[in-house]
Amino acid sequence: MNAITPDSPPRARSFRIAPGGTLRGEVRVPGDKSISHRAIMLGALADGETVVTGFLEGADSLATLAAFRAMGVEIEGPDAGRVRIRGVGLHGLTAPAAPLDVGNAGTAMRLLCGLLAGQRFASTLVGDASLSRRPMRRVTEPLAQMGASIETTAAGTAPLLIRPVPRLTPIDYAMPVASAQVKSCLLLAGLYADGTSCITEPAVTRDHTERMLATFGCPVQRDGRKVCIRGGSRLTAPPDGVPVAVPADISSAAFFLVGASIAEDADLLLPAVGLNPTRIGVLNILEAMGARLTITNHHDSGAEPVADIRVQSAGLKGIEIPAVQVPLAIDEFPALFIAAACAEGETLLTGAEELRVKESDRIAVMAAGLGALGVETEVLPDGIRIQGRGGRSLGGGSIDSHGDHRIAMAFAMAALRAEAPLLVQDCENVNTSFPGFARLAAGAGLGIEEHVA
């Protein structure tokens, strides 16, 4: 099968950032992307009406919303982050008239793959050129063990053609690599299996799917690193007046946490950030590096813990990143690499092979960009060694983000310690996870301008 490409190429978007400056004041980052995806999916499969607040109106989560509309689910909004979903029940989806295009959303494609494997109709999942290069066998192979019929390209990538099967059989699966997307895909497929499915993680990964399933009346059983779900479990929308509240995304907050740590005279408040225990690796790593973080106003937002984070300038030091923190910070490493580049001494990351199959090979692309700024690195098969510049400035120049939104935003923050302007190219996909990033960053003091060709 040939990958489907858009009719016209995306516009060329770049960031031009002045060197130096600081970050001060208050920045409220958008809603959590991972939770936004899952709220739409489970709200659509539930009996009853679900209201979501704080929904991320970025391209990735909007693609998930559009996919369920295409399968017959009535959805109102989003309107200032508020979405109303009239659920159709576990078996109420209808066949889409065309392939479901999820753009750059890897989470949407992998989770939808599991959910669609149990439907009574055929469907096709497609994405943009970047997503069409990302590996999908990590979900299609265990789904095949459940009896699913999914066709990929010869390389194991999208488009994914999913055909209906009489039934899915339960699975007891030990994941070879820690991945919340694989776990969540199999849990959603498990809803349609004839029995109880169990997934064992090699290391704990984000548990938003498990928390969200419990919110919809379908508790997942956990025993150590094994999670189990019973097929046929009914999902029920939360009671009237109890919205599914999406907290601010810690992955988006990470850029500002690093930026305020490395800038001079910085003092920044990030309110209502999600502090799910499976997502706080970035905080643990920054604190180990000497960051000045003050966390207050702890409370719950729906099923998720949240708090306000104050971050101030600090002299960071290089560390060996503990293996236990790697899966808890997997999406935040582009930002953390910038922190390491500005730290005193060496930072070593290993056990992070997952970074090579994200929107880009984040190890190779970040190493190339850091090298352009004068930072010494050594690329390892499963990580990177970064020699921090300590009190010395970073260089300036042009950085290619390779269409990776997190790399683009990470290098934008690097300008706070640069001695010359930075041009970060190929930034169109920033809108997939953080619409309005440049505006918010400029309001806090970053000398950033957004240019669209």
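**Notes on a predicted model**

1. Let's start with Gln325, which is buried at a relative accessible area of 13% (buried means under 20%, exposed over 50% and partly exposed in between, with a 1.4 Å probe and protein chains only). Gln325 sits in the loop between strand E17 (304-312) and helix H9 (333-342); helices (H or I, at least four residues) and strands (E, at least two) are DSSP runs numbered from the N terminus. Setting aside neighbours within four places in sequence, Gln325 is in contact with Gly281, Asn284 and Ile285, where contact means heavy atoms within 4.5 Å.

2. A word on conventions: this is a predicted model, in which local features need pLDDT of at least 70 and side-chain atom pairs count only at pLDDT 80 or more, while totals for chains, interfaces and linings use all residues. Residues are numbered from 1 along each chain as its sequence is written, and side-chain values use heavy atoms, with hydrogens and water left out.

3. Ser301 belongs to strand E16 (residues 292-301) and is buried, with a relative accessible area of 15%. Not counting residues up to four places away in sequence, Ser301 touches Ala245 and Val306.

4. Now for a helix pair. Helix H7 (residues 250-262) packs with helix H11 (residues 405-414) at an angle of about 20°, and their axes are 9 Å apart; axes are lines fitted to C-alpha atoms, for helices over the stretch in contact, and angles run from 0 to 180 degrees between N-to-C directions. H7 and H11 are therefore roughly parallel (under 35 degrees; over 145 is roughly antiparallel, 65 to 115 roughly perpendicular and the rest oblique). On the H7 side the contact is made by Ser251, Phe255, Phe256, Gly259 and Ile262, and on the H11 side by Arg406, Met409, Ala410 and Met413.

5. H11 is mostly covered, with 10 of its 10 residues buried. At the start of H11, a side-chain oxygen of Asp404 comes to within 3.1 Å of the backbone nitrogen of Arg406.

6. Some backbone spots to look at: the peptide bond joining Gly77 and Pro78 is cis, with omega about 10°, and Pro78 is in strand E4 (residues 74-79). The bond from Ala158 to Pro159 is also cis, with omega near 10°.

7. His402 is not a glycine, yet has a positive phi of about 55°. His402 lies in the loop between strand E21 (397-400) and H11 and is partly exposed at 44% relative accessibility.

Technical notes:
A polar contact is a pair of N or O atoms within 3.5 Å; within protein, one must be able to donate a hydrogen and the other to accept it, and residues adjacent in sequence count only if both atoms are side-chain atoms.
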